[in-house]
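User: I am new to this structure and would like to learn how its features are read. Could you take me through them step by step?

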Amino acid sequence: MADAYLNIAERIFQVVRRPMRPREIIIEAYAAGLLPPHLHGSRQDKTLHARLSEDISSNPDDSRFFRTAPGVFFLEEFRLDPTIPLISRDKFLAPRRRKELKRDSVLIVDLDFTSDLRPDKQTLSVSRLLDVLRAGRYSYRSVDYAMRSESSIVVHSFVVVHQNGMVLSFRCGKYFPSTDPLYGTRSIGVGGAIFPDDNDMLYHSMYGIIGNGINELRYGIGLPNRLAEVARYTNQVRPYIGVLVPDAIPKVVHVVMGYQCPDDFLPSKSALSINDLRWVDAINPTNNISDYDATSRILFQQDHVRELIRAGAPK
């Protein structure tokens, strides 16, 4: 009776209404007389842990359960319940193994700082970036190469998640590569370096940039596969502007994109590199704007955030 453990766990969660470790669930089940004789054993908590983990892994979009921390589980039906503390509704996913940027090839473009950038020398249009890519002025090389080349710029995705005039912000944790310009700051951009396998011919992935942005939404804030597929094939992640990150080593251009967060999706800290998720006002984010990374500051100070939201609103 493979589902007996899961059914028992579901009943316990519905009563206690808080995240629990498998051992706690088993103790509650014994006290409630829910464990039938054929399920009794010395290490039922290990069996339950395995069943819960297997169910979440095999049914990432349809499991009744989710993790709030390593080894701590809760019931999916409570994820949108406002009577449950937000910290208990925050989904934890096993961290994605980030590739070592010094070893792997990443997307690099060659920019002419005189003709490609706008007069502000900080931004470039998406159409201009596409011209550069279509002209073949790109390659996949190591970050070490980009550090040695004056005109080579590493391309990063930078997806701004917004909903009802608010934008999602987060604190960048220690698992960000030290070469990432977001390292150690607060940001409104989910993303990272572009790898060759981010490119996909089945939809307009923009040389892998949009594809990477969608993947980072999945790995970073737990965007479900079903919503990721909709985003891919209905053009929901839209490039808005390129921002040359000031003083970044190696040089980095953030391709800023917008994604309107569906009402039925609750972002969570799926990756260990993302912490302290908060919704902030698109116009007045905080009194301490200096706490944000350089690209986020540019987007706020030059009013790009409000324009990005307006451009991405349903027509």
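Analyst: We begin with the model itself and then turn to its aromatic rings. This is a predicted model, in which local features need pLDDT of at least 70 and side-chain atom pairs count only at pLDDT 80 or more, while totals for chains, interfaces and linings use all residues. Residues are numbered from 1 along each chain as its sequence is written, and side-chain values use heavy atoms, with hydrogens and water left out.

User: What share of the residues of the chain counts as buried?

Analyst: A residue is called buried at under 20% relative accessible area, exposed at over 50% and partly exposed in between, with a 1.4 Å probe and protein chains only. Here 50% of the 315 residues of the chain count as buried.

User: How is a pair of aromatic rings described?

Analyst: Such a pair is described by the distance of the centres and the angle of the planes. Rings of Phe, Tyr and Trp (its six-membered ring) pair if their centres lie within 6.5 Å, and planes under 30 degrees apart count as stacked, over 60 as edge-to-face and the rest as tilted. The whole structure holds seven aromatic pairs. In the case of Phe74 and Phe78, the ring centres are 5.2 Å apart and the planes at 25 degrees, so the pair is stacked.

User: Which ring has Arg141 over its face?

Analyst: A charge sits over a ring if NZ of Lys or CZ of Arg is within 6 Å of the ring centre and within 35 degrees of the ring normal. Arg141 lies over the face of Tyr145, at 4.2 Å from the ring centre, and Arg218 lies over that of Tyr219, at 5.1 Å from the ring centre.
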